[in-house]
Amino acid sequence: MTHFLRVCKCVLLKKPSLLRVVIRPRAVIDLEQVIDYYHQFATADIAERFIAEFRAARDLLVERPNIGSRRFAHLLKGGALRVW
């Protein structure tokens, strides 16, 4: 298990909520690749900052699920897509 997944699971367990963010398997792979890249070509501090920013964005989505523009909502069945 990667460092990212350990951090993410710990945070999810510490912040119970009625809503949750589901991270699809392909997204987990993408996140792991980004973190590994930062570790390899930047610094561990940059990788940790990326993880912190990802967690902050995830928490914001849980707190305010209707945040963002529906500009591309027509691209998904049901129109649930939002961007910010």
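## A pair one turn apart

Tyr-37 and Phe-41 sit four residues apart in helix α2 (residues 25-41), so about one helical turn separates them. Helices here are DSSP runs of H or I with at least four residues, strands are E runs of at least two, and both are numbered from the N terminus. This is a predicted model, in which local features need pLDDT of at least 70 and side-chain atom pairs count only at pLDDT 80 or more, while totals for chains, interfaces and linings use all residues. Residues are numbered from 1 along each chain as its sequence is written, and side-chain values use heavy atoms, with hydrogens and water left out.

## Aromatic rings

A pair of aromatic rings is described by the distance of the centres and the angle of the planes. Here, rings of Phe, Tyr and Trp (its six-membered ring) pair if their centres lie within 6.5 Å; planes under 30 degrees apart are stacked, over 60 edge-to-face, and the rest tilted. By that rule there are three aromatic pairs. In one of them, Tyr-37 and Phe-41, the ring centres are 4.8 Å apart and the planes meet at 45 degrees, so the pair is tilted.

Which residues do the ring pairs tie together? Tyr-37, Tyr-38, Phe-41 and Phe-50 are linked into a cluster.

## The chain as a whole

Zooming out, the chain has three helices and zero strands, and its elements run α-α-α from the N terminus on. Of the 84 residues in the chain, 19% are buried. The accessible surface comes to about 6600 Å², and carbon and sulfur atoms account for 60% of that; areas come from the Shrake-Rupley method with a 1.4 Å probe, and for residues only the protein chains shown count as cover.

What about sequence range? Taking contacts (heavy atoms within 4.5 Å) between residues at least 6 apart in sequence, 40% join residues at least 24 apart.

## Helix α2

The expected span is 1.5 Å times one less than the number of residues. Buried in α2 are Val-28, Leu-31, Glu-32 and Ile-35. These four cover an arc of only 100 degrees around the axis, which puts them on the same side of α2; the arc is that of the directions from the helix axis to the C-beta atoms. The face turned away from that buried side carries the exposed residues Arg-26, Gln-40 and Phe-41.

Not counting residues up to four places away in sequence, His-39 touches Ala-44 and Ala-47.

## Helix α3

Does the length check work out as agreeing or disagreeing for helix α3 (residues 44-63)? With 20 residues at 1.5 Å each it should span 28 Å, and its end C-alpha atoms are 29 Å apart, which agrees. Its buried residues are Ala-47, Ile-51, Phe-54, Arg-58, Asp-59 and Val-62. Seen down the axis of α3, they fall within an arc of 135 degrees, so they line one face of the helix. On the other side, Arg-49, Glu-53 and Glu-63 are exposed.

Asp-59 is buried, with a relative accessible area of 18%. A polar contact of 2.9 Å joins the side chains of Asp-59 and Arg-58. That term means a pair of N or O atoms within 3.5 Å; within protein, one must be able to donate a hydrogen and the other to accept it, and residues adjacent in sequence count only if both atoms are side-chain atoms.

## After α3

Leu-81 is found in the segment after α3 and is partly exposed, at 26% relative accessible area. Leu-81 and Gly-68 are 13 residues apart in sequence and 9.1 Å apart in space, C-alpha to C-alpha. Leaving aside neighbours within four places in sequence, Leu-81 is in contact with Ser-69, Arg-70, Phe-72, Ala-73, Leu-75 and Leu-76.

Terms used: Buried means under 20% relative accessible area, exposed over 50%, partly exposed in between (1.4 Å probe, protein chains only).
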